[in-house]
Amino acid sequence: MFDNLIVELGPWSWWLAGLALLAAELVLPGFFLVWIGLAAIIVGALSLLFWESSFWVWQVQGLVFAATAVIVTLIGRRYLYNNNQVTDEPFLNQRGASLVGRTATLDQPIAEGRGRIRLNDTYWTVSGPDLPVGTRVKVVASNGRELTVEPV
């Protein structure tokens with residue numbers, strides 16, 4: 001049944017598969033099927049050129065589709081994720097990094113390299129040299145949920 005459909009549609013079967021994948025991208029979360037759909041459309045365009053050729057059998061089409069899907073995905077992801085845009089909020093989703101340079105007072109002493117400070121409405125675990133409660137410290141680095149401090 002599936003073979004008959006592909007034979008009847010010819011090179012347009014790749015176009016339909018590509019459009020179906022692009023439509024699925026609209027329904028499903030993420031941004032991955034668009035690259036596979038684009039690869040199917042590219043193979044459909046090549047199929048329009050080579051459909052009558054003896055070398056353009058389904059195995060070659062499958063290999064070209066797989067290779068094209070990998071290439072298009074890598075190029076697309078590189079374009080999307082290396083598009084460094086200047087923003088007025090560079091630390092929007094990096095709360096710890098946005099605290100570097102701030103000063104605070106130790107709520108708990110730093111003993112054996114670990115203590116706590118309060119910045120705004122949040123208590124942060126800090127690391128640094130051993131210091132008593134009430135010491136003013138400056139945040140010099142952030143490592144996820146832990147801040148590195150030094151005395152002011």
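Predicted model: local features only at pLDDT ≥ 70, side-chain atom pairs only at ≥ 80, totals over all residues.
Two packed helices are described by the angle between their axes and the distance between the axes. Helix α2 covers residues 12-27, and helix α3 covers residues 33-50. Their axes come within 7 Å and cross at roughly 165°. Angles over 145 degrees count as roughly antiparallel. The helices α2 and α3 are therefore roughly antiparallel to each other. The crossing of α2 past α3 is left-handed. On the α2 side, the contact is made by W12, W14, W15, A17, G18, L19, L21, L22, A24 and E25. On the α3 side, the contributors are L33, V34, I36, G37, A40, I41, V43, G44, A45, S47 and L48.

Helix α3 has 18 residues. From its first C-alpha to its last, α3 reaches 25 Å, close to the 26 Å expected at 1.5 Å a residue. Its buried residues are V34, W35, I36, G37, A39, A40, I41, V43, G44 and S47. The cover over these buried residues of α3 includes α2 and α4. An α-helix has 3.6 residues a turn, so residues three or four places apart point the same way.

Helix α4 spans residues 58-81. Its 24 residues should span 34 Å at 1.5 Å a residue. The end C-alpha atoms of α4 are 34 Å apart, which agrees with that value. The buried residues in α4 are Q61, F65, T68, A69, V72, T73 and G76. These buried residues pack against α2 and α3.

The strands come next. Strand β1 covers residues 103-111, and β2 covers 114-119. The loop between β1 and β2 holds E112. Phi of E112 is near 55°, a positive value in a residue other than glycine. The relative accessibility of E112 is 80%. Exposed means over 50%, so E112 counts as exposed. With a relative accessible area of 55%, N120 is exposed.

T135 is found in the loop between β3 and β4, with β4 at residues 136-143. Is T135 buried or exposed? Its relative accessibility is 18%. Buried means under 20%, so T135 counts as buried. Leaving aside neighbours within four places in sequence, T135 is in contact with A104, T105 and L106.

V149 is placed in strand β5, residues 146-151. The relative accessible area of V149 is 3%, so V149 is buried. Which residues does V149 touch, not counting residues up to four places away in sequence? They are I110, V126, S127, G128, P129, V137, K138, V139 and V140. V149 and T73 are 76 residues apart along the chain. The C-alpha atoms of V149 and T73 are separated by 42 Å. T73 is one of the buried residues of α4.

Definitions and conventions
Residues numbered from 1 in each chain as written. Heavy atoms only, no water. Axes fitted to C-alpha atoms, helices over the stretch in contact; angles between N-to-C directions. Helix = DSSP H or I, 4+ residues; strand = E, 2+ residues; numbered from the N terminus. Parallel < 35°, antiparallel > 145°, perpendicular 65-115°, else oblique. Left-handed = near helix turned anticlockwise from the far one by under 90°. Contact = heavy atoms within 4.5 Å. Expected span 1.5 Å × (residues − 1). Buried < 20%, exposed > 50% of the residue type's maximum accessible area, 1.4 Å probe, protein only.
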